[in-house]
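Q: Please take a close look at the aromatic rings in this structure. How do they pair with one another, and where do the paired residues sit?

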Amino acid sequence: MSQKHVYSFGGKTADGNGKQKELLGGKGANLAEMCLIGIPVPPGFTITTEVCAAYYEAGKKIPEAAVPEIDAAVTKMEAVFGGKKFGDPADPLLVSVRSGAALSMPGMMNTILNLGLTDTSVEGLAKKTGNPRFAYDSFRRLIDMFGSTAMGCEHEDFEHEIHKLKEEKKVKLDTDLSADDLKELVKRYKAVYKKHVGEDFPNDPRKQLMLSINAVFNSWHGHKAVEYRRIERITGLKGTAVNVQAMVFGNMGESSGTGVAFTRDPNTGENVFYGDYLINAQGEDVVAGIRTPEPIAKLEEQMPKVYAQLVEIRQTLEKHFKDMQDIEFTVQDGVLYMLQTRNGKRTGTAAVKIAVDMVKEKLIDEATAVKRVNPDSLNHLLQPQLDPKSKIKPVAQGIAASPGGASGKIVLSAEAAVEHAAKHPGDPIMLVRKETSPEDVAGMHLARGILTSTGGKASHAAVVARGWGKPCVVGCEAVKIDEKAGVVVISGQTLKAGDFITINGTTGDVMIGKVETIAPSMTGDFSTLMTWADKSRKLKIRTNADSPADALKAREFGAEGIGLCRTEHMFFGEDRISAVREMILSTTEEGRKKALAKIEPYQKADFVGIFEAMDGFPVTIRLLDPPLHEFLPQKDNKAGAEAVAKQIGVTVEKIFERVEELHEMNPMMGFRGCRLPLVFPEIGDMQVRAIIEAAIEVKKKGKSVLPEIMIPLVGIVEELIILKKRAIAVAEEAMAKHGVKVEYQIGTMIELPRAALTADKIAEEAEFFSFGTNDLTQMTFGFSRDDIKGFMPTYLAHKILPVDPFQSIDVNGVGQLIEIGIQKGRKSRTEHHKQHLKVGICGEHGGDPDSVHFCHKVGMDYVSCSPFRVPIARLAAAQAALAK
Ligand code: PEP
Ligand code: MG
């Protein structure tokens with residue numbers, strides 16, 4: 001740990017700077033940086049993230065060496081802020097205390113404001129400002145925030161008191177309470193505090209400050225913060241910094257106010273000043289979404305001078321940070337102060353537009369633009385949009401907070417969302433609430449979209465939804481929620497929990513019922529950014545596709561071939577499944593051949609369609625992989641068996657007999673993959689013939705074809721030797737028959753640890769390797785890929801694993817097998833055949849940005865992923881190439 005624990009900022013100087021995010025947290029580093037570039041910031045200081053780590057190491061105790069530095073920094077802050085003293089009884093300087101980690105974690109800890117107010121200094125403040133109402137309002141807010149944030153009181157208990165008082169006084173708004181009322185409220189709040197904490201509210205400013213610093217550090221391991229880091233996969237941070245800053249007041253009357261804004265529109269990326277403000281309010285009122293604020297443009301009418309200054313700061317900040325900023329400001333008696341700036345969270349759509357625009361504006365270069373967009377955020381541009389032809393009309397309109405359309409069943413709380421998702425996984429849900437708070441993130445994550453009746457563009461719901469690319473509408477006042485009764489009334493219509501509702505986060509529209517969605521396409525800025533990405537990447541991007549339609553979609557998104565065509569999906573087609581079942585049920589080779597002959601023309605037609613769609617790009621077709629029982633009705637499905645019996649003219653008993661024969665204790669490790677054609681060679685023959693004949697047909701039409709025949713689940717080279725020999729014989733026969741030659745390759749999947757370990761032997765036979773990391777992960781960990789539900793959440797919660805290895809490659813284990821496989825395979829192929837061994841990946845990991853980085857690092861030739869992840873993989877591959 002460094003010697004220095006506390007970094008002061010204020011005036012035009014600062015101990016730290018914007019680069020020290022790890023040490024000072026994002027907020028602290030940027031406050032320092034703003035001071036250095038001459039932007040007005042109330043003075044204060046940052047206690048470092050290292051102190052947070054030391055606090056935990058010492059068993060939740062602030063290290064002693066930091067204490068005198070904190071006291072000195074307070075003195076310095078007093079001096080810079082015109083000599084007012086912290087908590088001075090006659091004219092107190094008040095401070096705010098906020099958390100701030102290296103990465104922004106919105107709402108991790110509620111801010112504590114007005115620290116330094118005591119029974120005596122509140123009188124001083126009242127006299128000094130001539131505004132006792134303001135003084136007592138500030139005091140009661142402090143007791144509430146300090147109590148609920150630092151001392152574990154319930155915020156609701158304080159809220160209850162203010163409601164009661166308003167009822168007694170027969171007033172509606174908080175602002176209708178008089179100074180004397182607020183004085184009374186302070187008394188009641190203190191009673192709540194004492195009841196909960198067991199002692200009086202501390203009348204000592206320094207004690208308040210130290211307890212608040214502890215509270216910020218404690219919040220680092222609070223439930224909300226832990227949950228947020230889990231969802232966002234944030235690991236490796238030291239802790240949070242604490243920012244203590246002189247208070248300025250937005251609630252001192254009509255010439256004061258507070259706001260939050262983005263230097264560009266975080267939904268669309270448009271280069272407009274975007275945000276909200278409230279006159280006569282404190283910052284939390286805007287963020288919490290309690291009062292619905294005014295759009296920033298209106299500030300020009302209300303405070304023209306402040307607005308002009310803000311517009312100038314907007315430009316200065318963008319020029320300096322070269323990125324869109326999310327800012328917070330307060331105006332006290334007509335004087336503007338900036339309280340925060342940080343790179344703004346944005347939707348994928350906005351990220352792309354801002355990156356492309358900033359290149360055009362010469363703020364950044366193309367490579368920076370490519371590096372800046374989070375690949376996963378492209379999901380937002382790849383989200384379905386509401387069908388514009390839908391006849392369902394909007395019944396209400398709120399604020400468009402995060403674009404895209406979504407329909408889902410109403411749930412009225414985050415807990416209900418979690419419960420519903422557990423009972424009905426995948427069922428679409430829409431979270432409908434008055435407002436959201438950090439406690440709700442787990443439920444928000446599960447919802448297709450979020451609708452709130454209050455709040456503005458910077459409310460918690462809006463910020464979080466935008467970060468995740470989820471459609472969101474906020475501030476929709478026509479939505480009246482009665483959580484207890486489980487109903488929502490929208491413009492006079494009553495809906496129950498479970499009824500469908502639709503939102504359009506691009507327009508703010510709310511519709512009752514379910515609206516169909518349409519597939520997105522890739523144009524404009526999106527396609528420009530992709531072209532820039534393509535200039536840098538080394539990996540080729542292929543797709544996993546089993547139909548011409550998917551292949552075409554993937555090509556539209558820039559796929560450069562098919563890395564995995566799973567032929568079994570074709571077997572399920574209505575027109576062929578009965579022939580497949582006939583094949584499985586027949587006990588003789590003859591019988592099987594007869595059935596296969598019925599399937600062959602369909603298979604060939606499938607392949608023709610795919611080859612044509614891929615128009616000369618390589619197409620890897622995998623021979624049948626799953627165990628055969630998957631094509632038959634389940635053991636207990638009598639009706640299904642009867643239908644099949646009727647369809648193919650055998651008895652139900654015969655079907656159940658075969659089902660019984662094929663039953664396996666552990667089918668993923670059973671009679672599947674290359675084991676099928678080794679026992680039933682006619683299945684492989686049919687598939688190879690269909691592939692080669694399709695290629696011949698397409699070639700005859702003058703198109704180029706590059707079929708790659710892929711044999712699954714090989715673990716022993718002898719398996720491959722036999723199957724390859726047979727495949728070549730079938731292919732040669734087909735080509736001789738048609739008098740046409742086509743180029744083709746025969747390769748294998750590497751999806752068993754033994755295959756990776758004996759890759760040198762296998763590469764003597766295989767012309768390419770494709771890592772099937774779904775199975776490789778399953779077989780390496782011994783985790784059945786379909787049965788992780790029971791324990792994976794625990795593994796993740798206890799950090800036994802950092803991420804689900806089926807989603808992101810387990811670099812330390814599975815990754816080693818991949819590296820061994822590539823290294824041994826390439827070396828052997830070069831030695832034996834003087835050929836480069838082509839290597840790719842076709843497990844789900846091919847579309848996961850972190851895994852794509854890994855694939856780049858280990859020198860794969862391509863990754864293959866589902867069509868909608870192709871742009872994500874293109875961008876991730878470029879970022880991997882651009883990373884140092
Ligand atoms: C794999 O195992 O990674 C793979 C792509 O094959 P499948 O998912 O079809 O088993
Ligand atoms: Mg597999």
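A: In this predicted model, a search of the whole structure finds 19 aromatic pairs. One of them joins phenylalanine 139 and phenylalanine 201, with 5.9 Å from centre to centre and 70° between the planes. The pair is edge-to-face because an angle over 60 degrees counts as such. It connects distant parts of the chain: phenylalanine 139 belongs to helix α5 (residues 132-150), while phenylalanine 201 is in the loop between α7 (179-197) and α8 (205-219). The two residues are 62 residues apart.

Both positions can be checked for burial. Phenylalanine 139 has a relative accessible area of 1% and is buried. Phenylalanine 201, at 5% relative accessibility, counts as buried, because the cut-off is under 20%.

Phenylalanine 201 also pairs with phenylalanine 146. Here the ring centres are 5.7 Å apart and the planes are at 85°, so this pair is edge-to-face. Phenylalanine 146 lies in helix α5 and is 55 residues apart from phenylalanine 201, so this pair, too, links distant parts of the chain. Phenylalanine 146 is buried, as is phenylalanine 201. Ring pairs join Phe139, Phe146, Tyr193 and Phe201 into a cluster.

Arginine 229 lies over the face of tryptophan 220, 3.8 Å from the ring centre. In another case, the charged end of arginine 542 sits over the ring of tyrosine 862, at 4.0 Å from the centre of that ring.

Key
Residues are numbered from 1 along each chain as its sequence is written. Chains are lettered from A and ligands numbered from 1 in the order in which they are written. This is a predicted model: local features need pLDDT of at least 70, side-chain atom pairs count only at pLDDT 80 or more; totals for chains, interfaces and linings use all residues. Side-chain values use heavy atoms; hydrogens and water are left out. Rings of Phe, Tyr and Trp (its six-membered ring) pair if their centres lie within 6.5 Å; planes under 30 degrees apart count as stacked, over 60 as edge-to-face and the rest as tilted. Helices (H or I, at least four residues) and strands (E, at least two) are DSSP runs, numbered from the N terminus. Buried means under 20% relative accessible area, exposed over 50%, partly exposed in between (1.4 Å probe, protein chains only). A charge sits over a ring if NZ of Lys or CZ of Arg is within 6 Å of the ring centre and within 35 degrees of the ring normal.
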